Amino acid sequence: MIDLVIAGLGNIGLPFVDFVSRIPGVRSVVLVDPDAFTENNVSCQMVALSDVGCPKVDVAAARMAEANPALRIETLRCRLEHVPRCLYRGRVIASCLDSRFARASLSDIAWTVGAPLWLDAGVRPEGRLARASAAFPSHAKAAGICCGWSPEDWNLAAREYSCAGAFEGAPSRSPAFLGAMAAAVMAHRLDCFIANDLPPSADARSWVVSLDAHRSWTTSIRRSSDCRCKHQSWTIEPLGHSAETCKLSDLTEAGLLAVPGMPVTRALRCDCGSVRGSFHIAARLPENLVHCDSCGGKMSSGALDLFDEIDLSALEDFGPEVPALALADLGVSNGDIIRLGKRHFEVGVSVLFQEGRV
Ligand SMILES: [Zn+2]
Ligand SMILES: [Zn+2]
């Protein structure tokens, strides 16, 4: 039995969840997507008009539960980098994303946690091309599809990323049938993996189908030393404390604290000129903190307000109250992986699939 994370629930992700709920051997699925369906989605995704306005994760979870009531399903309506990273541990990760930047982010996560299998699917409307790829991050010297990217691919990935950290991948106007084709090829690879028919290898592999050319072919990608992905795998130790009980002052000996992929913001700014001090993970600010008291607008952080690392030896410099803050006060969740000095730790215990939330 395998456990799965599916990131992205659009043109490819939605048909993929329909296929997955009918593949024996899948025990649990975590669905990740920050968006809700819009009217534009109906013409190119397998979604009904009645789903417009609904969070994608909710629509997908309902469909999976109807098809397979035994499946354990968890939904996270957030961006894939903001998911507590331990949730990806030990799971097959399926990427149904529409931007190179998001793919590179998810690939990075898959390598850090040593995922047993990373699946990725994509479509190209020209030539009616559908592709699914498989990589094995837990394998030594494993390649990802990023290892086959050209400098132009990386430039496009960089362009998709704005300072605010938002993806700006153009919504692909691929026909629904093409997304379903890519999803079907990926579902087949998953089925093979469960049947031990897709042995782990250092090379990544892609299966491509061209509907226009009536052709299909496979390619293999070697690990490239020019690849800009780090392909780092972490040794993750238990922190032994929950986010609520661990105070920053307990950690000072470590020197530096980071929550990888989630910078801490020191200030929030509004277009009206208001500025408010802050000491919180920017991606997880509660509503009351982003609400501007002067004008009612929405506050956000500038690039210079964001810190990837916190110097634990100088906590008082951030404010007299900071040393007594718990990790949870910064927005750290149980299940997050934090870096202390050079070591990585899992905070608390995983809260998923407990408390009858399935
Ligand atoms: Zn690579
Ligand atoms: Zn304001």
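1. Start with helix α1 and helix α3 (residues 56-67): in this predicted model, the two pack at an angle of about 20 degrees, and their axes lie 9 Å apart. Angles under 35 degrees count as roughly parallel, so α1 is roughly parallel to α3. As for handedness, α1 passes α3 in a right-handed crossing.

2. Who touches whom here? On the α1 side, the contact with α3 is made by Leu-14, Val-17 and Asp-18. From α3 come Ala-60, Arg-63, Met-64 and Ala-67. Sorted by class, that contact has five nonpolar and two charged residues, with no polar ones.

3. Now the other helix partner of α1. Helix α1 (residues 13-20) also packs with helix α6 (residues 176-194), here at an angle of about 40 degrees with the axes 8 Å apart. The pair α1 and α6 is therefore oblique. Their crossing is right-handed.

4. If you want to click through the α1/α6 contact, look at Pro-15, Phe-16, Phe-19 and Val-20 in α1. They meet Gly-179, Ala-180, Ala-183, Ala-184, Met-186 and Ala-187 in α6. By class, the contact of α1 with α6 comes out at nine nonpolar and one polar, with no charged residues.

5. What is the strand order in the open sheet of eight strands? Reading across, the order is β3-β2-β1-β4-β5-β6-β7-β8, and the pairing is mixed. At the edges are β3 (72-76) and β8 (215-221), each of which pairs on one side only. From one strand to the next, the twist averages 15 degrees.

6. Inside that sheet, take strand β4 (residues 92-95) and strand β5 (residues 118-124): they run parallel and are joined by three bridges.

7. Which strand does β15 pair with in the antiparallel sense? The partner is β16: β15 (residues 337-340) and β16 (residues 343-346) pair over four bridges. In that pairing, Leu-340 stands opposite Arg-343 in β16.

8. Finally, the overall layout. The protein chain is divided into domain 1 (2-221) and domain 2 (236-346). Taken over C-alpha atoms, the centres of domain 1 and domain 2 are separated by 30 Å. Eight residues from domain 1 and eleven residues from domain 2 take part in the contact. On the domain 1 side, the residues touching domain 2 are five nonpolar, one polar and two charged.

How values were computed: Residues numbered from 1 in each chain as written. Chains lettered and ligands numbered in written order. Predicted model: local features only at pLDDT ≥ 70, side-chain atom pairs only at ≥ 80, totals over all residues. Pairing = 2+ DSSP bridges. Domains from an automatic or database assignment. Contact = placed C-beta atoms within 7 Å. Nonpolar A, V, L, I, M, F, W, Y, C, P; charged D, E, K, R; others polar. Axes fitted to C-alpha atoms, helices over the stretch in contact; angles between N-to-C directions. Parallel < 35°, antiparallel > 145°, perpendicular 65-115°, else oblique. Left-handed = near helix turned anticlockwise from the far one by under 90°.
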